[in-house]
Each structure stands twice: as structure tokens, then as C-alpha cells.
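Here is a short briefing on one protein chain.

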Amino acid sequence: MARGIVAFLAPLGFTMLADGLAAEPTVLRLGTGGVGGTYYPIGSLIAAGLSDSTAPGACAGAPRCGIPGVLAVAQVSNGSVANIEGLRTRSIEMAFAQSNVVDWAYNARARFEKREPARDLRAIATLYLESLHVVVRADAGISSISDLKDRRMSLDEPGSGTLDDAREVLRSFGLAEADLSPEYVKPDLAVARMLEGRLDGFFIVAGAPVATLREASPRLSFALLPVDGPAAERLLHRLPFYSRVIIRAGLYPGVPDTPTIGVGAQLIVRADLDEHLGYEITRALWSERMRRLLDGGHPKGREIRLDNALQGISIPLHPGAERFYREAGLLSR
């Protein structure tokens, strides 16, 4: 068993002790989302970029890269709400979450109104803008959100930010959750049920293009519903964390430009994370190695840019992240 551990850790660059065992790494667990969304694939890339490595070809000619002694691991989860709970219970050290859900948790609003404010949350960065996809079967005869009454729609699993977003959108269009025939499953299972004729569609908030939809497109003919007009205006006025987004034509076969709403995807940690480690996480996030991983690993990765790192952040920055951004000139000294 010891040799197996050494074989796994040695290529990552962990130092060897005199007795031949690898030094125990600092493990950073990153809460992401379902495998069919955007959080998990992006989280896997970021975890790889944070992890200490001496693997051949991993460091663009440098002998070592990543954060020394750190092994980051992307974990599948139910999404934003579950990730914040994971931080609170210390089952993870880092998390992806929607900007609105982060603010609600920090200030004990909306679905967190009966909880203590999560004042120990700290931000590392805003990564990219997530788009609400309201996906329906092309042959279902559904052309607007208002048409969803009595339809079989998945609103995503409890613990997801998507479920909260779906409820807010329905409310703005004069519908309640009970007006639908709702189910609560992740996108990959929702697609399977659509193919079987058991679902008319589903909601998902994720960076476009969503891998599950791209992969399903040869087998499933689907449309995206627009989220616009007076109902969307009311939503944007009531909840300023949302913004206008266009899901561009060409991201999904046969789907034209579709107006919808979006929220920022953020990387967050706890306030008690070591300040130097927070600095190193932020430094590695914006390193050249991470840039190559993100640009080559996922279409949404190319949108993760340092210039946007502080957009839409409504909670305090982690001190290590704040130090990095001051050094980078994004914050005044």
C-alpha cells in the first residue's frame, strides 16, 4: 500500500521522507456540481492547476508548478447551496457557488433566512458568467415560460442554485412551482427522461455550452426558451444579482441567439483558510499554467480572466486573495 501511495504522489512532486514514504500533502477539496454541468469540468481543470506537479510536460519546461505540497481534488456535488453547506461543515475547503447564493448565505436572506449569517465566507474570485438554460423538447409545443404550466419539468436537485433560480423565474412569469409537474433531477438524468418521453424539459444554470446538451444534441432535438420581456425586467429589478445574457447561436445545433439571465460563478473559501495558502491559490489561479489548462480544457475556461476577477463580489475577499489583487494592481494599496 505504501508503495502505491508513493507511486501516486511522487509524479505530483511531493517530497520523499527518509523512510521512503511521501510527505503527506495538503489536500484541498473543491465542491463543484454535477458531472453534466460546467462546475465539475471547470473545477477539475482548476484542481489540476492548483496541484503540485513535477509531471513531464505539465509545467511548460519548468521543473515544478502548482502550489508546493498541495493536492487539489474536484468533488461532484448538488451545486451552490450544497457547496456552501460543505464549507460550513468543513467537508470541503473550496467551493464554486453562484454570486446570488453566496450573498444570500452571507447575509441570511432568501433560502438562508432562518440560518445564522455565514459571515465566515470569503471570496477568491469571480470566474465567469453562468446562463440560465430552460431546455424543452422541440416537439413539445412549448415556446415561452408561460407555456410551462402543467408541463413535466425538472428544476434540478435540492441544494442546487438552479432550483432557486427556477423558482424566481417562474414567480416573475406568474407561475408557482406547483403549477408545473416538477421533478428534481440533474441534467444528465433529465436528458435521459426527455429521450424516453417522460420529461418535457429542464432548467439548468451553467456556463454555455453545457456538455450534457452538446453530447445529447445528435439524439435529442431541443429548444431553449427565452427569458425576456416585462417579466424578465421585473426579475432584474427585484434581484440585481441577475444580468442579461445571450446564449449565442452555434453553441447548440439549430438553436438561435436566446436571451436569458445570468449570474456570476465564484470561487469561495472560509475565512480561516491560511492567508499564505489563500495567496498561493489566487496566484496559481491566474498563472500561465492555469491559463493553458483553462483555454484548452473547456470553452467556458477561456472566459475566466483576471480583468473580471472582482466583478459582482459582495462578500469580503480572503486576505490572501486581497494581497494578490493589490500586488496585481486591481485594488488600490
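G197 comes after helix α6 and has a positive phi, near 80°. The model is predicted.

**Helix α6**

- Helix α6 covers residues 187–195, and its buried residues are P187, A190, V191, R193 and M194.
- An α-helix has 3.6 residues a turn, so residues three or four places apart point the same way.
- Which elements cover the buried residues of α6? The cover includes strands β4, β5, β6 (181–183) and β7, along with helix α7 (211–216).

**Strand β7: burial**

- Strand β7 runs over residues 201–206. Six of its six residues are buried, so the rest of the structure largely encloses the strand.
- Buried here means under 20% relative accessible area.
- G201, F203 and V205 point one way from β7. F202, I204 and A206 point the other way. Residues on both sides are buried.
- In a regular strand the side chains alternate between the two faces of the sheet.

**Strand β7: pairing**

- Which strand pairs with β7 in the antiparallel sense, and which in the parallel sense?
- Strand β4 (residues 121–137) is the antiparallel partner, with six bridges to β7. In this pairing, L132 has V205 of β7 as its bridge partner.
- Strand β5 (residues 152–154) is the parallel partner, with two bridges to β7. Here S154 has F202 of β7 as its bridge partner.

**The whole chain**

- The protein chain holds 11 helices and 10 strands.
- Its radius of gyration is 21 Å, close to the 20 Å given by the globule rule for 333 residues, so the chain is as compact as a globular protein of that length.
- The C-alpha trace spans about 70 × 45 × 35 Å along its principal axes.
- Of the 333 residues, 53% count as buried.
- Take the contacts between residues at least 6 apart in sequence: 73% of them join residues at least 24 apart.
- The chain exposes about 14200 Å², and carbon and sulfur atoms supply 53% of that area.

How values were computed:
Residues are numbered from 1 along each chain as its sequence is written. Side-chain values use heavy atoms; hydrogens and water are left out. Buried means under 20% relative accessible area, exposed over 50%, partly exposed in between (1.4 Å probe, protein chains only). Helices (H or I, at least four residues) and strands (E, at least two) are DSSP runs, numbered from the N terminus. Two strands pair if DSSP finds at least two bridges between them. Contact means heavy atoms within 4.5 Å. The radius of gyration is taken over C-alpha atoms; the globule rule is 2.2 Å times the number of residues to the power 0.38. Accessible areas come from the Shrake-Rupley method with a 1.4 Å probe; for residues, only the protein chains shown count as cover.
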